[in-house]
Amino acid sequence: MKDNADVYLFGQVLGTHSFLLRDGFLEPDEYAEIKEQYFLPGGETGTAATVLDSLGVSVRMDGTWIGTEVAPMLKEFYAGRKVDLSSLHFMEDDKGVMDYVVIAGLIRSPMGRFQTLFASGKRWWSVPREEDIAGCRVCAIDPFFKDETLLAADLCRKHKIPYVTIDNPHDSPLHKNAAVNVVSKECTGEHYKGMPSEEIMELMRQETDGLTIITRGGDEMLYARRGGGIHRMKPFAVPVRSTLGAGDTFKAGCMYGLLHGMGDDELVRFASACSAIAISRFPLPLNPPRLDEVQALIRKKQAWA
């Protein structure tokens, strides 16, 4: 029998090849020098697991099937950490899902074969196990895996487990039942092009009793619940080394906040501080934010206020 984990994560777990360029982003027909490159755990779920472990939270994750090229790296990386891989499905005949990310400061460009994979009609992810969800205290559900995503949300409702999700529009069943839905600038640009953030928030908060957070890169965040006012918070100002994993780290911070009973203001502030530390370093998996660092950054900002 498995030991219960504090948090269960269901979603994308990848091997990420990241390339940090030395002298600015790629230009057509021009040479670019690679300053640093790594092959490390990635994906929305993989990155969140790494951050939560660094914050002292035990994690079990599931989702993407893990192939022969990704598996050795993943197992070695999480050896000795509080991240349980036992629910993951390890393939023996496929090298696995990977992405490739080119980074230069605020700019990054991810590449992969996800459109081809989703168009194949084949399932390349797990079915969430009820015992994994029932045994945890907080869940996170990425919105990518169709019926299995909805099943994870249904199991959370059945067992009264609060969950965090990302980038779900207002009419999504995942949004309606979430404890927290973190909506990025990319999501609002896709689903609500040209609509002011305040109008988007009005749509979002009318459909859920949970907390909706709209992040907007370096601009102030909006967050609100049904029946309450719209609140705003500025992100922490830090030197930016790489934005890779910033949103996934914010999601992990929200989960930590739920796990520890934080109110909305405190939760958003904590998640924002986690994300700020993440973008100030590279590569994130080797330098995830620690709890003492997050708390120190929050105290520093409060002292300036």
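Predicted model: local features only at pLDDT ≥ 70, side-chain atom pairs only at ≥ 80, totals over all residues.

Biologist: How are H1 and H9 placed relative to each other, and which hand does their crossing have?

Modeller: The angle is about 55°, and H1 and H9 are therefore oblique to each other. Their crossing is right-handed. On the H1 side, the contact is made by Gly43, Glu44, Thr45, Thr47, Ala48, Val51 and Leu52. H9 contributes Asp248, Thr249, Lys251, Ala252, Met255 and Tyr256. Sorted by class, this contact of H1 with H9 has six nonpolar, four polar and three charged residues.

Biologist: At what angle do H9 and H10 cross, and how far apart are their axes?

Modeller: The axes of H9 and H10 cross at roughly 145° and come within 8 Å. Here too you can read the hand: H9 passes H10 in a right-handed crossing. Residues of H9 in this contact include Phe250, Gly253, Cys254 and Gly257, and among those they meet in H10 are Leu267, Val268, Phe270 and Ala271. The class count for the contact of H9 with H10 is twelve nonpolar, five polar and no charged residues.

Biologist: Now for the inside. How many residues does the largest nonpolar core have, and which have the most contacts inside it?

Modeller: That core has 54 residues, and Leu9, Met61, Ile213 and Cys254 have the most contacts inside it. Its largest share, eight residues, comes from helix H10, which spans residues 264–279. Apart from this core lies another one, of 19 residues, among them Val97, Trp124, Cys136 and Ala153.

Biologist: Which residues is isoleucine 213 in contact with, leaving aside its neighbours within four places in sequence?

Modeller: With those neighbours set aside, isoleucine 213 touches Val180, Asn181, Val182, Val183, Leu222, Tyr223, Phe250, Cys254, Leu267 and Val268. You have already met Cys254 as one of the residues with the most contacts in the core.

Biologist: Next, the backbone. Where is a cis peptide bond found?

Modeller: Look at the step from phenylalanine 282 to proline 283: this peptide bond is cis, with omega near -5°. Proline 283 sits in the loop between H10 and helix H11, residues 291–304.

Biologist: Which residues other than glycine have a positive phi?

Modeller: Two examples are aspartate 29, with phi near 65°, and lysine 160, with phi near 60°. Aspartate 29 belongs to the loop between strand S2 (14–21) and strand S3 (34–42). Lysine 160 is in the loop between helix H5 (146–158) and strand S9 (163–166).

Biologist: Is aspartate 29 buried or exposed, and what about lysine 160?

Modeller: Exposed means over 50% relative accessible area. Aspartate 29 has 87% and so is exposed; lysine 160 has 73% and is therefore exposed.

Biologist: And how does histidine 191 count?

Modeller: Histidine 191 counts as partly exposed because its relative accessibility is 38%. Histidine 191 lies in helix H7, residues 185–191.

Key. Residues numbered from 1 in each chain as written. Heavy atoms only, no water. Axes fitted to C-alpha atoms, helices over the stretch in contact; angles between N-to-C directions. Helix = DSSP H or I, 4+ residues; strand = E, 2+ residues; numbered from the N terminus. Parallel < 35°, antiparallel > 145°, perpendicular 65-115°, else oblique. Left-handed = near helix turned anticlockwise from the far one by under 90°. Contact = heavy atoms within 4.5 Å. Nonpolar A, V, L, I, M, F, W, Y, C, P; charged D, E, K, R; others polar. Core = buried A, V, L, I, M, F, W, Y, C linked by side-chain atoms within 4.5 Å. Buried < 20%, exposed > 50% of the residue type's maximum accessible area, 1.4 Å probe, protein only.
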